[in-house]
Amino acid sequence: MSVKPTYIDLFAGCGGLSLGLEQAGFSLELAVEKSDMAAETFYHNFIEPITDQDDWKKFSAASSSVEAQAQKGLVVKQLSDVLASKSLLDDLRAKDIDLVAGGPPCQGFSLAGRRNPSDIRNKLPWEFLDFVKAVSPKAVIIENVSGMSQDFKKHDQASPF
């Protein structure tokens, strides 16, 4: 019997990327999604069906620790909160993760958007890369827009990439 390769899904949303990875034979180790609504859908579809809203609210509450949530397979917090947990990162690194995948928000970079160099979300691809460095997976999939590498011409600023 072969062991399924493991993956971590960052900026997991409702789980579209995870669905494809699961169908390709991967096994979820951890997902991170800060939006409570999207995380609830992810949890219901990939962790276990939610039958009691009070249980979900307790699990996803701000007072619930990153480490406690990670034990269930989903952290409902910002990626920066995960990066602040040295114990969790050490644990994930020790698990020899096969793949870290995700699509950091791209609104600040998108050529179809406002292309605001000050958009706080522009830092999230760097957090993604910090996570990759900390966990050291065998492979990485990062999805984003071509605007990431293009200068913010109307603001006279270079691309941070």
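Start with the whole sheet: five strands, open, in the order β3-β2-β1-β4-β5, with parallel pairing. Strands here are DSSP runs of E with at least two residues, and helices are DSSP runs of H or I with at least four, both numbered from the N terminus. Two strands pair if DSSP finds at least two bridges between them.

A word on the model. It is predicted, so local features need pLDDT of at least 70 and side-chain atom pairs count only at pLDDT 80 or more, while totals for chains, interfaces and linings use all residues. Residues are numbered from 1 along each chain as its sequence is written, and side-chain values use heavy atoms, with hydrogens and water left out.

**Stop 1: strand β1**

Select residues 6-10. Is this strand buried or exposed? In β1, 5 of the 5 residues are buried, so the strand is largely enclosed by the rest of the structure. Buried means under 20% relative accessible area, exposed means over 50%, and partly exposed is in between (1.4 Å probe, protein chains only). Color the two faces separately. T6, I8 and L10 sit on one side, Y7 and D9 on the other, and both faces are covered.

Residues 27-32 form β2, which pairs with β1 in the parallel sense over 5 bridges. Click I8: its bridge partner in β2 is L30. Follow the chain from β1 through helix α1 (residues 16-23) to β2; this β-α-β crossover is right-handed. That term applies if, with the strands pointing away from the viewer, the path from the first strand over the helix to the second runs clockwise.

On to β4, residues 99-102. β4 pairs with β1 in the parallel sense over 4 bridges. In β4, A101 is the bridge partner of D9. G102 is the bridge partner of L10.

**Stop 2: helix α7**

Select 124-135. This helix, α7, lies across β1, β4 and β5 and runs at about 170° to β4. Axes are lines fitted to C-alpha atoms, for helices over the stretch in contact, and angles run from 0 to 180 degrees between N-to-C directions. Contact means heavy atoms within 4.5 Å.

**Stop 3: helix α2**

Select 36-47. Which residues of α2 are buried? A38, A39, F42 and Y43 are. Seen down the axis of α2, the buried residues fall within an arc of 135°, so they line one face. The arc is that of the directions from the helix axis to the C-beta atoms. The buried residues pack against β1, α1, β2, α3 (53-60), α4 (66-72) and β3.

**Stop 4: Q69**

Q69 is in helix α4. At 0% relative accessibility, Q69 counts as buried. Leaving out residues up to four places away in sequence, Q69 touches F59, S60, A61, S64, L74, V75, V76 and K77.

**Stop 5: G102**

Return to β4, where G102 lies. G102 is buried, at 1% relative accessibility. Among the residues G102 touches, beyond four places in sequence, are L17, F128 and I141. Finish with a distance: G102 and V32 are 70 residues apart in sequence, and 9.5 Å apart in space, C-alpha to C-alpha.
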